[in-house]
Amino acid sequence: IADNMKQISNITIYLNESSQSLWEELNSKYNITVYPNTRDEYGISTKGQDAIIYVDPTKEPCTAFFAHELLHLLIRSTQTYIGSTITLIVRESPDLRQIMTDGLLQHIGNCLDHAKMLPLYLEMGFDRTLFIKDYATPKLTAEELKNIQQRFCRKYIFKRTSYNPAIIDYYIGKYFAVKACPNNTIDYSHLLCGLKAVDQDLWQILDNFWTRWMEYDIFKQREVFEDDYRTLGYEFTENLKRWLAHKTLKML
């Protein structure tokens with residue numbers, strides 16, 4: 001935090017009736033402070049039991065944006081670290097690191113959080129269109145799909161097919177972005193079919209993982225012997241490693 005940033009003491013302007021109880025619940029578990037953000041957007045960072053919520057000082061206080069950050073913290077309070085689990089595994093794997101950048105890993109974690117947050121956010125009565133900043137922007141366009149189709153891999157007659165690691169990274173990112181997109185007025189079905197056709201196997205790995213994550217109850221207390229989010233993350237990355245094995249990667 002920059003020294004010149006003054007902590008915001010009046011939090012009530014960021015809360016409404018439905019987020020007040022969530023704020024109180026999280027405050028009993030975390031030491032939460034609120035600061036203006038130099039990047040003019042809402043955000044959150046946590047370290048242990050300390051949480052900082054950043055707000056946009058250039059605009060009117062927005063209870064919906066603030067509730068969004070509180071819900072990120074609620075997910076963390078369930079100790080479901082699915083994004084971190086995947087990130088740690090990928091960083092330990094030279095193979096996966098070639099097709100999954102840090103930016104992608106952060107994006108996946110965010111999308112997985114958002115999928116769990118949106119129903120709670122809507123239940124609290126907030127406006128769907130305020131769930132994310134770029135709500136109106138399509139998360140996959142025909143142009144982007146075409147780019148993936150043309151550059152995903154190159155087939156040769158006498159040589160093995162080469163796969164473009166940057167486009168695999170892009171493909172995975174697009175899949176998660178579409179799946180987590182809160183805008184229910186955009187119809188992605190045709191584009192998703194196109195994405196699936198590019199590589200059925202990779203699609204299936206992503207889709208199976210997404211389905212399992214959607215079915216996973218983050219609020220359930222699990223026994224020690226029960227599968228938890230770590231199992232999901234491990235199986236997902238193992239499947240990606242298997243898919244990648246024996247493939248030739250080449251910037252195309």
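Student: Angles under 35 degrees count as roughly parallel, over 145 as roughly antiparallel, 65 to 115 as roughly perpendicular and the rest as oblique. Are H7 and H8 roughly parallel or roughly antiparallel?
Tutor: This is a predicted model, where local features need pLDDT of at least 70, side-chain atom pairs count only at 80 or more, and totals for chains, interfaces and linings use all residues. Residues are numbered from 1 along each chain as its sequence is written, and side-chain values use heavy atoms, without hydrogens and water. Helices H7 (165–179) and H8 (189–198), with axes 11 Å apart, pack at about 150 degrees (0 to 180, between N-to-C directions of lines fitted to C-alpha atoms in the stretch in contact). H7 and H8 are therefore roughly antiparallel.

Student: Which residues of H8 make the contact with H7?
Tutor: Contact means heavy atoms within 4.5 Å. H7 brings Tyr171, Tyr175 and Val178. H8 brings Leu192, Leu195, Lys196 and Val198.

Student: How many residues of this contact are charged?
Tutor: Asp, Glu, Lys and Arg count as charged, Ala, Val, Leu, Ile, Met, Phe, Trp, Tyr, Cys and Pro as nonpolar, and the others, with Gly, as polar. The contact of H7 with H8 has six nonpolar residues and no polar ones. The charged count is one.

Student: Which helix gives the largest share of the lining of the largest pocket?
Tutor: A pocket is an open set of 1 Å grid points fitting a 1.4 Å probe, with protein on both sides within 12 Å along at least five of seven lines; lining residues have an atom within 4 Å of a point. Helices (H or I, at least four residues) and strands (E, at least two) are DSSP runs, numbered from the N terminus. The lining has 50 residues, and His68, His72, Gln106, Asn110 and His114 lie nearest the centre. Ten lining residues, the largest share, come from H5.
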